Number of protein chains: 2
Amino acid sequence: MTIRVVLAEDQGMVLGAFAALLRLEPDLDVVATATDGPKALAAVLEHDPDVLVTDVEMPGMSGLDVAAALRRDGNRARVVIVTTFGRSGYLRRALDSGVAGYVLKDAPIDQLVGVVRRVHAGERVVDPQLAMAAWDAADPMTDRERDVLRLAADGLPNGEIAARLHLAEGTVRNYLSTAITKLGVRNRIEAARMARDRGWL
Amino acid sequence: MTIRVVLAEDQGMVLGAFAALLRLEPDLDVVATATDGPKALAAVLEHDPDVLVTDVEMPGMSGLDVAAALRRDGNRARVVIVTTFGRSGYLRRALDSGVAGYVLKDAPIDQLVGVVRRVHAGERVVDPQLAMAAWDAADPMTDRERDVLRLAADGLPNGEIAARLHLAEGTVRNYLSTAITKLGVRNRIEAARMARDRGWL
DNA sequence: AGCCGGACCTGACCAATGTCACGGCTGTCG
DNA sequence: CGACAGCCGTGACATTGGTCAGGTCCGGCT
């Protein structure tokens with residue numbers, strides 16, 4: 001009774017290393033790999049695996065988007081997210097998307113194999129250290145503030161942000177100002193950095 | 001005659017995967033691993049390996065810094081850099097630091113093992129796709145411009161940048177202005193993004 | 001020597017950003 | 001209903017950021 005796994009990760013070398021490692025386990029079978037979001041989704045639909053192991057940040061479609069899409073389709077595959085740093089905002093969205101496991105790339109490698117097995121057995125597994133952090137920092141920003149900050153983070157001037165969102169320039173300034181105040185920072189750059197670090201963008 | 005390797009990479013899970021993979025090769029021996037720059041340096045000094053395989057971005061000290069330090073000490077270890085995306089500026093600095101190999105994490109996993117062997121045999125190996133890109137984009141910024149842009153990228157206001165560098169505020173503005181002009185962008189945010197993407201910070 | 005180019009540094013000026021006080025709208029609770 | 005709280009949207013005003021036109025100093029070249 002082997003566990004059939006699909007593996008998605010955009011960095012080819014890391015993907016290869018994870019795949020080689022999972023194949024070493026006699027009860028695991030890596031049936032397909034993918035290097036971006038859409039390919040990951042297609043691979044799951046084609047191979048009908050027990051578990052999808054995926055990175056969050058991938059070209060085209062994030063691992064979270066893939067998980068949400070599978071959820072909508074009623075696909076039976078259980079999803080394990082593997083990500084770089086503890087962006088607590090991601091975890092929140094991941095849980096909303098029905099993700100079954102959430103592991104940090106900082107963790108020791110054995111943990112990955114363990115989580116795949118436990119998730120397949122029906123458990124929901126989240127790195128405990130991260131689970132703590134997720135709840136003490138809820139996103140304080142409104143949708144509009146997030147929209148504006150996202151564009152500002154790319155270096156767009158207020159005028160252009162206003163044009164894209166069909167707002168007055170003063171309004172854009174206002175949203176940025178409230179975002180800056182809520183996050184307790186000094187300007188849009190620090191605000192963008194903090195929001196990004198916490199997975200709020 | 002096994003090749004003795006030290007492996008440095010800050011993400012524990014990736015480190016573990018690479019280590020497991022290299023250990024599968026009969027002619028390679030992973031004698032130590034490290035999760036930050038200073039530990040990598042210490043591990044090389046203690047174990048005197050043939051090859052150091054290291055990430056660029058690590059806490060404390062970058063892989064490039066470690067390579068430069070080894071070079072200065074006349075250490076015999078040959079250095080292979082493994083990094084995420086093709087930041088051409090990094091490659092330039094890497095070659096200056098006497099690095100022997102440079103591989104992208106996007107590449108297939110087999111390449112890593114091959115490069116380690118070829119580097120140990122005395123070759124200098126650089127991902128050819130990347131080697132091209134490195135020379136068509138030289139860093140146009142002066143040292144001072146880089147200093148200022150680095151701090152601006154962290155969100156510091158001009159006044160504070162001026163204080164840290166013992167400059168007048170007008171001077172800071174001027175450096176940022178020239179950097180913005182040279183890079184052909186609209187503001188400090190875009191300038192920081194571009195410089196980062198190209199490995200110029 | 002005199003000239004030139006480039007990095008470094010500066011203040012004055014205008015444009016972009018951040019703050020504030022204010023309305024309109026919607027939903028909730030007594 | 002009326003009071004309240006929260007999000008959305010706006011213009012006027014102060015602060016910060018970007019541009020310009022210089023100035024000094026140093027090394028290379030004629």
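In this predicted model, helix α9 of chain A and helix α9 of chain B each supply at least two residues of the surface near DNA strand C. In all, 16 residues surround DNA strand C, and the closest are Arg173(A), Arg188(A), Thr171(B), Asn174(B) and Tyr175(B). By class, this surface has 4 nonpolar, 8 polar and 4 charged residues. Of the atoms of DNA strand C within 4 Å of the protein, 59% belong to sugar or phosphate, and the rest belong to bases.

Individual contacts show both kinds of partner. On the bases, an N or O atom in the side chain of Asn174(B) is 2.2 Å from a base oxygen of DNA strand C. Chain A also reaches a base: a polar side-chain atom of Arg173(A) lies 3.4 Å from a base oxygen of DNA strand C.

DNA strand D can be described in the same terms. It is surrounded by 16 residues, of which the closest are Thr142(A), Asn174(A), Tyr175(A), Arg173(B) and Arg188(B). Sugar and phosphate account for 60% of the atoms of DNA strand D that come within 4 Å of the protein. The residues of the surface near DNA strand D divide into 5 nonpolar, 8 polar and 3 charged.

Two contacts from chain A involve phosphate oxygens of DNA strand D. One such oxygen is 2.9 Å from an N or O atom in the side chain of Arg144(A). In the other contact, a polar backbone atom of Ala168(A) is 2.8 Å from a phosphate oxygen. From chain B, the side chain of Arg173(B) has an N or O atom 3.2 Å from a base nitrogen of DNA strand D. The elements that give two or more residues to the surface near DNA strand D are α9 (169-183) of chain A together with α9 (169-183) of chain B.

The next step is the division of a chain into domains. The domain assignment of chain A gives domain 1 as residues 3-134 and domain 2 as residues 143-197. Taken over C-alpha atoms, the centres of these two domains of chain A are 32 Å apart.

Chain B shows how a sheet is laid out. Its 6 strands form an open sheet in the order β2-β1-β3-β4-β5-β6, with parallel pairing. The edge strands of chain B are β2 (28-34) and β6 (125-126), each of which pairs on one side only. Strand β1 (residues 3-8) of chain B pairs with β2(B) in the parallel sense over 6 bridges. Ala8(B) stands opposite Ala34(B) in β2(B).

Further along the sheet, 5 bridges join strand β3 (residues 51-55) of chain B to β4(B), and the two run parallel. Between these strands the chain crosses through helix α3 (residues 63-73) of chain B, and this β-α-β crossover is right-handed. Val51(B) stands opposite Arg78(B) in β4(B). Strand β4(B) also pairs with strand β5 (residues 101-104) of chain B, in the parallel sense over 4 bridges. There, the bridge partner of Val80(B) is Gly101(B) in β5(B).

Why is strand β4 of chain B described as largely enclosed by the rest of the structure? The description applies because 5 of the 6 residues of this strand (residues 78-83) are buried, where buried means under 20% relative accessible area.

Methods
Residues are numbered from 1 along each chain as its sequence is written. Chains are lettered from A and ligands numbered from 1 in the order in which they are written. This is a predicted model: local features need pLDDT of at least 70, side-chain atom pairs count only at pLDDT 80 or more; totals for chains, interfaces and linings use all residues. Side-chain values use heavy atoms; hydrogens and water are left out. Buried means under 20% relative accessible area, exposed over 50%, partly exposed in between (1.4 Å probe, protein chains only). Two strands pair if DSSP finds at least two bridges between them. A crossover is right-handed if, with the strands pointing away from the viewer, the path from the first strand over the helix to the second runs clockwise. Domain bounds come from an automatic or database domain assignment. A residue is near a molecule or strand if one of its heavy atoms lies within 4 Å of it. A polar contact is a pair of N or O atoms within 3.5 Å; within protein, one must be able to donate a hydrogen and the other to accept it, and residues adjacent in sequence count only if both atoms are side-chain atoms. Ala, Val, Leu, Ile, Met, Phe, Trp, Tyr, Cys and Pro count as nonpolar, Asp, Glu, Lys and Arg as charged, and the others, Gly among them, as polar.
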